[in-house]
Amino acid sequence: MRRTLKFNLSLSNKAKVNSMENLSICYIQAVNYYLGLLSSQKKYILSQEEIKGSNLSLSYRYKQCAGRQAIKIWKSWNRNKKKGNIPVFNGSLILDQRFIEVEKSKTSTFDYWIKVATLAKGKPILIPFKSYDYANNYFKDWKLVNGGRLQKQEDGWYLLLTFEKEAPAEKKKGKILGIDVGIKKLMVASDKKFYGQEIENIMDKIQRKRHGSKAFKRALLERNYYINEVAKQLDFDNTKMIVMENIKDIKKNTKKKKRLRKEFRSKFQRWTYPRLFSRINQLCELNGVHFITVDPAYTSQTCNKCGSVHKSARNGEMFKCKNCDYTTDADYNASLNILNLGLTQQPMVAGNMQTNLKNVCLLN
């Protein structure tokens, strides 16, 4: 398994920043030049002559690196069914160990050095940077992958480093959880535990801020931190499988079909299901928990007791079955439906169905 972390290069002096700026300009120009060649010739490889013979202000090694990045971008664009315009590169410089080296600092002023090869042959720049608590665990317990990415943002330059570690074996014992994700409560699990009940207040705070302002960005960071912390509250130690809905297109579909009132559609724009989804997926991988997704269709309208489906069974935060009068929290009912779908979808992973039902808490 791999994780990529970001480090601020704000300790760079003006001369070093200028070196990175000049390198970035030439590198981006090279990637786009190679993209043009690939596009015009409708191919997926570049010959040595095409790379070496280009009239670009880069060393041959840098040209090779830019060529490889152009090929990856071109292949990715061609795999996309909704291609759009031919891609134009203006992103991170993905550099291998020939161009980026990381060394531990011997002083207490900062934590690490990064050595970056520049346009000036034989004259690399050394940039100090500081680590942080979360990253320190990766430097200590994970293997640092050679190379890295240089990324320019509005507030300066950043270094992206990748760490890898062997994933633990998936657990054979433990409970199985279905998880429903929402706006009022970030998560409700099938063991009737509720998580992240402050998420709506945080999204309301974001809506009150002027878009793009410093206060708006701080509120977004607060939301992201909150989501990360809530995800860690799940009982990964005693769980062998987590089931979630695959609702990656819910914002688009909700807006298109106007399935929610305007104020709720607006709130959805500040809702980051992908972040929560990704974070839980990562935590499952770290803890040897099997992670699967199911189709979200009708999970909020289906009674987990009798299986009847009715559009008006859910009324706000409550669910009342129109067939058997079963009444419970609507999100909890949905989490049980998600759990049942997961058990049906993964019988071999989940084990014997009768055994699985003994491992889950169906609290009423």
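Helix α6 (214–231) contributes the most to the lining of the second largest pocket, namely nine residues. Helices (H or I, at least four residues) and strands (E, at least two) are DSSP runs, numbered from the N terminus. The model is a predicted one, in which local features need pLDDT of at least 70, side-chain atom pairs count only at pLDDT 80 or more, and totals for chains, interfaces and linings use all residues. Residues are numbered from 1 along each chain as its sequence is written, and side-chain values use heavy atoms, with hydrogens and water left out.

The second largest pocket has a volume of about 1,100 Å³. On a 1 Å grid over the protein atoms alone, a pocket is an open set of points where a 1.4 Å probe fits, with protein on both sides within 12 Å along at least five of seven lines. Grid points are joined across faces, edges and corners, and the volume is the space filled by probe spheres set on the points. The lining comprises 26 residues, and Lys-6, Leu-221, Asn-224, Asn-228 and Arg-275 lie nearest the centre of this pocket; a lining residue has an atom within 4 Å of a point. Besides α6, the elements giving two or more residues are β1 (2–8), α4 (133–141), β8 (156–164) and α9 (273–287). By residue class, the lining holds nine nonpolar, six polar and eleven charged residues; Asp, Glu, Lys and Arg count as charged, Ala, Val, Leu, Ile, Met, Phe, Trp, Tyr, Cys and Pro as nonpolar, and the others, Gly among them, as polar.

Strand β4 (residues 112–116) runs antiparallel to β3 (residues 100–104), to which five bridges join β4, with Ile-100 and Val-116 as bridge partners.

Definitions and conventions:
Pairing = 2+ DSSP bridges.
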